[in-house]
Amino acid sequence: MSKSDIPGTLVRDHWVVHPQGRIFARSWTPEHSAAAAPAAPIVLMHDSLGCVALWRDFPQALAAATGRQVIAYDRLGFGQSDPRRERPSLDFVAEEAREYFPVLRQQLGLARFVLMGHSVGGGMAIECAARHGEGCEALITVAAQVFPEDRTLDGIRTAKAQFAGEGQVDRLARHHGDKARWVLEAWTENWLHPDFARWTLEPVLPQVTCPVLAIHGIHDEYGSTRHPELIGALSTGPARVDIMEETYHVPHRERPGEVLSRVVAFLDAAVPTQAA
């Protein structure tokens with residue numbers, strides 16, 4: 001299905017067929033780049049409670065700013081994608097790169113791509129960049145976590161208590177429908193599970209060989225600057241760490257213009273403009 005309600009941008013919805021269910025994706029393609037050989041698209045990976053809709057107008061703005069197609073998708077169990085019966089395993093970050101992203105990549109024809117992930121989506125983007133390095137031109141993380149820091153877990157405990165209030169889960173249902181409770185528990189119960197304390201991306205980061213931009217808010221309530229610092233220090237390719245002042249956990253919503261300018265400058269410097 002195509003939409004034409006955004007001047008200068010072709011918006012199209014896609015359904016990716018996975019053995020466990022259908023995965024919903026949406027693409028934003030600048031019309032001026034649709035005919036010529038386009039640069040590699042940017043694939044957005046959402047946070048623990050996120051979905052395509054919760055990126056709001058950022059994908060459109062990102063497509064316009066970079067001149068690249070932008071693709072966002074709902075992980076299975078989230079947003080408009082099909083529900084899952086079981087809660088994700090404690091290896092869910094790596095599983096996204098191992099079991100789901102390859103199907104998305106194959107069916108959407110993503111020979112070359114740029115990955116951009118927010119929060120746990122940043123961790124999943126790291127795993128994807130490591131496992132699919134032959135196709136990954138660049139990696140951008142926004143407020144990503146690399147290990148379960150005390151600040152991260154404290155923030156999740158606070159959020160879990162808040163969602164226990166009457167009607168709070170209904171806020172998630174606006175975007176996830178009947179899957180809202182599953183979405184919440186997939187986040188809180190996995191991250192707070194005692195065995196998840198051993199999870200870390202430190203062994204994975206050296207396998208990331210593409211250029212990396214790690215964006216992080218100085219006041220991020222779900223992770224200190226230790227996370228982007230590790231991303232920058234341990235990844236093998238050229239890496240840039242950008243700490244944003246007066247910014248919390250959602251930089252692309254709090255300071256979208258600044259995030260866009262940083263992404264554009266990074267891609268212009270790190271990635272050839274004539275992509276495959």
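**The cavity and the pocket**

Let's start inside: α7 is the biggest contributor to the lining of the largest cavity, giving five residues. Keep in mind that this is a predicted model.

How many cavities of 30 Å³ or more are there? The count is one. The space in this largest cavity is about 170 Å³. Its lining is made of 17 residues. Closest to the centre sit R75, F78, P88, F92 and M124. Find those five in the structure.

Eleven of the residues are nonpolar. Two are polar, and four are charged.

On to the largest pocket. Its volume is about 760 Å³. Here the lining has 32 residues. Look for D47, L49, H249, V250 and R253, which lie nearest the pocket's centre.

Which helix gives the largest share of this lining? That is α5, with six residues. Other helices take part too. α6 (169-176), α7 and α9 (251-254) each supply at least two residues, as does α5 (150-163).

How does the pocket lining divide by class? There are 13 nonpolar residues, twelve polar ones and seven charged ones.

To recap: the largest cavity holds about 170 Å³, and the largest pocket about 760 Å³. In the cavity lining, α7 gives the most. In the pocket lining, α5 does.

Note on methods: Residues numbered from 1 in each chain as written. Predicted model: local features only at pLDDT ≥ 70, side-chain atom pairs only at ≥ 80, totals over all residues. Heavy atoms only, no water. 1 Å grid on protein atoms, 1.4 Å probe; cavity = no way out; pocket = protein on both sides within 12 Å on 5 of 7 lines; lining within 4 Å. Points joined across faces, edges and corners; volume = space filled by probe spheres on them. Helix = DSSP H or I, 4+ residues; strand = E, 2+ residues; numbered from the N terminus. Nonpolar A, V, L, I, M, F, W, Y, C, P; charged D, E, K, R; others polar.
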